[in-house]
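I open this notebook to record what I looked up in one model.

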Amino acid sequence: MIGTLQRGPVTRWGRWLGLTALFLALISLSITLTINAFWLYRLDIAWLHITQLVNLSPARLMQNYHQMLAYLELPWVTSLNMRDFPTSFTGMVHFADVKRLFLVNHVVLLLSAGPAIWYLRQLRHRAEQWRLLRPVQVGAVIPIVLAACMAVNFDGFFIVFHQVLFRNNDWLFDPSLDPIITALPDTFFLHCFVLAFGLFEGGLALLYWWGRRAIKRA
């Protein structure tokens, strides 16, 4: 049955679905890798002098950071307990919203990875890697536009980003009530965006190289 499906023609709808799954997988993978880039926060602790801002050692900061991410990423962790940072009620509401977004992202990755891999295998099987070239070129423009907006006014970009994703203003933390915000400077989030965009563009570059290489070999 599987062999028959693979030898049959891929319909136009099948190509669209495969391409959609491929882009969703690449976006969600870039986000997942950025979320779990513990090394980035470790570097920013030194680069941004976060230890001086909160009067904690790098090891203690990383411990709190891991506790925060455990709550945000693991479905079975239902309460946020950071060793050195208390959380207000509105802060907990915001973290709960972020947790839902993170889990949705992970579900999207799990659901799209299989169809995306199937689509790539179909392209290789039929020597149709060239079909990736134009969608990749179009998709690469979006991160570049967003990066330009960040370069011009990151604060404005950051505000619009939160207004789009969240239904309330609980993301506006008061450092006296939610001191964790002091340990997460805006520049750290800027670095996260740069990393996510870079990973996405890097994935597109690999797909484009694969398509061009197939054409040259043909």
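I began with serine 88, which touches Leu177 and Asp178 (contact means heavy atoms within 4.5 Å), leaving aside residues up to four places away in sequence. The model is predicted, so local features need pLDDT of at least 70 and side-chain atom pairs pLDDT 80 or more, while totals for chains, interfaces and linings use all residues. Residues are numbered from 1 along each chain as its sequence is written, and side-chain values use heavy atoms, without hydrogens and water.

I then located serine 88 in the loop between helix H5 (58–73) and helix H6 (89–125); helices are DSSP runs of H or I with at least four residues, numbered from the N terminus.

Is serine 88 buried or exposed? I found serine 88 buried because its relative accessible area is 15%, and buried means under 20% with a 1.4 Å probe, protein chains only.

I next listed polar contacts (pairs of N or O atoms within 3.5 Å, one able to donate a hydrogen and the other to accept it; residues adjacent in sequence count only if both atoms are side-chain atoms). The side chain of serine 88 pairs with that of aspartate 178 at 2.6 Å and with that of threonine 90 at 3.3 Å.

Finally, I consulted the UniProt record. Its unreviewed entry lists a "transmembrane region" at residues 16–41, 101–120, 141–165 and 188–210; such annotations may be inferred rather than shown by experiment. In the model, residues 101–120 are 100% helix, with end C-alpha atoms 27 Å apart. Residues 141–165 are 96% helix, with end C-alpha atoms 22 Å apart.

Notes: Helix = DSSP H or I, 4+ residues; strand = E, 2+ residues; numbered from the N terminus. Buried < 20%, exposed > 50% of the residue type's maximum accessible area, 1.4 Å probe, protein only.
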